[in-house]
Amino acid sequence: GSFLLGKWLRIPLYPVSLCSAVVDVAIQDYVADVASELIYQNKSQISEEVLFVFPLGPHMAIYSFQARSEDAKVQAMLRDEVQKMHEATGGWENLEYLRDQSQYPGEVFACFLGTLSPGREVVVTLRYVQELPREPDGAARFVLPPTLHPYTKLYGEAFALPSATFLPAAWSCRSSKLHYSLLLTASLQSPRGVANVQANFALTPLIYTAQDRSTAQVSLAGSPPCHRDLELLVYYGDPTAVSAVVEKGDPGAPPGSLLGDPMVLVTLAPSIPEAMPGQHLSGEFIFLLDTTFLERAQVPPQSRDQDGGSLLFLLKSLPLGCYFNIYCYEETSVGIYPQSVKYTQDNLTEAIRRIPSTGSSLGDTNLLGTLRSVYNTPRPCGHARQLFIFMTGLPPDKEAIAAEVCHHRNSHRCFSFCFSEDSAALATALAKETGGEATYVSSDNSMTVVVLKCLKRALKPAADGVSLSWTLPRGLEVEVLGGTPQSIFQGQHSLLYAQIHGKAQDTTVAKGIMTLQYSLDGQDVTHTIELPLCPKLAGHCVAMRCLLKRLLPEAVSGSGDEPRHRAVEISLTSGIICPFTSYVGVRTPQRVTWYQRPLALLLPHQSLIPCQIIELRGSSKVSSCYPMSIWVPPGWLRAVRASWLALRQLTHGIAALPQQGACSKGKPPPQSISSLKYVDTTEFVLCSSVFGQWCTIAECQELVALQNADGSWALSSRLGSVLEVDEGEIKARMPGEVMEPSIWATLLAVTWLHRHDKYYQDLCELLEAKAVTWLCSRAVSQLDKCLEAANTLFGSSVKPSVFRL
């Protein structure tokens, strides 16, 4: 094995290494409950200080942690008031050192386990729940964390803090020999039936444990590979069906509480067919712009009928049948229209005319007020709402903005674009909370391509008007935690958690009925699902994690004490941390000798030890899994760490001199609480400046400005100028079969775009699809001869398939 230290220096974990790991995974649809037992052994001749580190992936929550040896046991527990957690706690310096010296960015769970003597073992028991991502083919994807399979990553392991001597590295991940044993078992369950399991490692044959194939089991066969992550894909009988499973409440919990009541896990993944390119689509598209974006998007105050740049491509690419509106939130919180209007040529022309001049900004951002104005306007019936939010800088009321968007998360989806790193966390939070996408735009030249890429995703069809109704035994009622989303988009699924209140008057009825209704392309769809009231999953923990996540923005935005009190109550009940609670390791000594060895850091009277969720401050990623072997002089790392800690304590002491009630030595400073603090912004799409794309935009910008909202072009001298053909020649070359000049003009424009197909594909794909749809609806019989004449005029060889011939 190996461990990480300092600036994530790669050092062999020769002193304390993983001997064996037993991992049990219970997967119910798209939720995993993982129970693991890890045994570490100190193989050196001296005692070692041990720190356990576990990186927290997305949608993951630890709810149980324990470490035990022959001498003592450490149990992680939650307490209220994060500022008071580490009083009378020794060894916090180790966690602070880990926080500041790491290069790995993100959250980790870390617990200082004390001192491990030569030859002794420590057994770590860890349990967590996780919502699993859904693959495009409907499979649930589970990846074993690197801590449980430590040969796959450069981080995420238990490791020893520096002691007296370190040996040169003797292990490489190229080695085929494993130095630890792994027993991995996966229990699978779904009312839709388990169809198949695939993995990138050897598996035992799939064993069904129920006749209807709703439950199954599979295990690791042989030794796992040491050079990659262990990945499991679970396929169900119907990947697009709707399912619901009920878990009974804990008999020991108070009735009416989250743990005491039954919980329902509902998986919504309706089947939504692909839309034809260019067809009429429903949807409401609202654009929230600041004046700096208008400047970057090359929107001139004059000549609004020839608007340019990113906004031009964005507006022209919208489909017929949708609704739209524009808000310039640095000018006013009022939209160009009082509420969204239908996408027509007249409305589009008027909207472009009303866009305010970029030179008249008031200098203040009013994104919060604008969002509230949007949410107060009615949504067109049958049209899923999507917001495109452009942020040049970080608004001053970022927490209130996040809380406002999260409060309305079920009514819309956000695509957020930011142009500075300071607004990255807010942009990411708004997108993730609503199922959208966040993008960091690093150059003006790439903005148009980035925006259109997101628009293509936004144009995927959706199931709208989603609603759930329940039929349960008399005396029971259902509360959906966090509400039901109004829309589910193609390629997405929604996990809902519902609490069943009350007591059934008829105990002989052991099932209920859930009915899902939604509208798809104007047609009403209904699904009816039976609910066997039997326990079978870890729904309570993952439901509490989901509810905590939804409460957090309101709790930290200063909107009242009730959300905070509710979050604390749920956190302490479930064992899942939130910003208002903190982990603390509680030591239970089994042998006094555990604290009497020379290197022991914990004094006998101390019962609390460092155990916390830590945000590592690193910013760079480790890129190679083949580290170089190095040799470290004896005692060198201990000296480096001691010097660093001494310097840190000195600077902290100087800074605290003028203050009353300064923090005591070894006690961490109070942490600021923010719903955006732990938002991962590493998934941003980083866009580089590409000169070729900028030239392409400039070349076809005027042609795009001349296109009508329905996708057609009018035959005019301006069009001839763009196509570099005289208007008279265009009219002379028009085939005699053409009865409408705009048909000939539109076909010429599409043919001209396809002369440089590879350059214009990203920019004009949506515009072209609209134009081809318009042509096919009016002149299918005339297109063959028109295309032949157009190819002759331009000297091109555009194929008939472009026009769906």
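In the predicted model, the axes of helix H6 (residues 398-407) and helix H7 come within 9 Å and cross at roughly 10°. This angle is under 35 degrees, so H6 counts as roughly parallel to H7. On the H6 side the contact is made by Lys398, Ile401, Ala402, Val405 and Cys406, and on the H7 side by Leu426, Leu430, Glu433 and Thr434. Sorted by class, the residues in this contact are six nonpolar, one polar and two charged. The spacing of such positions can be read against helix geometry: an α-helix has 3.6 residues a turn, so residues three or four places apart point the same way.

Helix H7 spans residues 424-434. Nine of its 11 residues are buried, so H7 is largely enclosed by the rest of the structure. The buried positions are Ala424, Leu426, Ala427, Thr428, Ala429, Leu430, Ala431, Glu433 and Thr434. Just after the helix, glycine 435 adopts a positive phi of about 80°.

Threonine 434 belongs to H7 and also takes part in the contact with H6. Its relative accessibility is 9%; as the limit for burial is under 20%, threonine 434 therefore counts as buried. A polar atom of the threonine 434 side chain lies 2.9 Å from the backbone nitrogen of cysteine 414. When neighbours within four places in sequence are left aside, threonine 434 is in contact with Val405, Arg409, His412, Arg413 and Cys414. Of these residues, Val405 is also part of the H6 contact with H7.

Strand S23 covers residues 412-418, a range that takes in His412, Arg413 and Cys414, which are contacts of threonine 434. S23 runs parallel to strand S24, and four bridges join the two. Within this pair, cysteine 418 stands opposite tyrosine 440 of S24.

Both strands belong to an open sheet of six strands with mixed pairing, in the order S21-S20-S19-S22-S23-S24. The edges are formed by strand S21 (341-342) and strand S24 (437-440); each has a single partner strand, so one side of each is left without a neighbour in the sheet. Helix H8 (residues 447-458) lies across strand S19 (284-289), strand S22 (385-391), S23 and S24. The direction of H8 is at about 170° to that of S23.

Conventions
Residues are numbered from 1 along each chain as its sequence is written. This is a predicted model: local features need pLDDT of at least 70, side-chain atom pairs count only at pLDDT 80 or more; totals for chains, interfaces and linings use all residues. Side-chain values use heavy atoms; hydrogens and water are left out. Two strands pair if DSSP finds at least two bridges between them. Contact means heavy atoms within 4.5 Å. Axes are lines fitted to C-alpha atoms, for helices over the stretch in contact, and angles run from 0 to 180 degrees between N-to-C directions. Buried means under 20% relative accessible area, exposed over 50%, partly exposed in between (1.4 Å probe, protein chains only). A polar contact is a pair of N or O atoms within 3.5 Å; within protein, one must be able to donate a hydrogen and the other to accept it, and residues adjacent in sequence count only if both atoms are side-chain atoms. Angles under 35 degrees count as roughly parallel, over 145 as roughly antiparallel, 65 to 115 as roughly perpendicular and the rest as oblique. Ala, Val, Leu, Ile, Met, Phe, Trp, Tyr, Cys and Pro count as nonpolar, Asp, Glu, Lys and Arg as charged, and the others, Gly among them, as polar.
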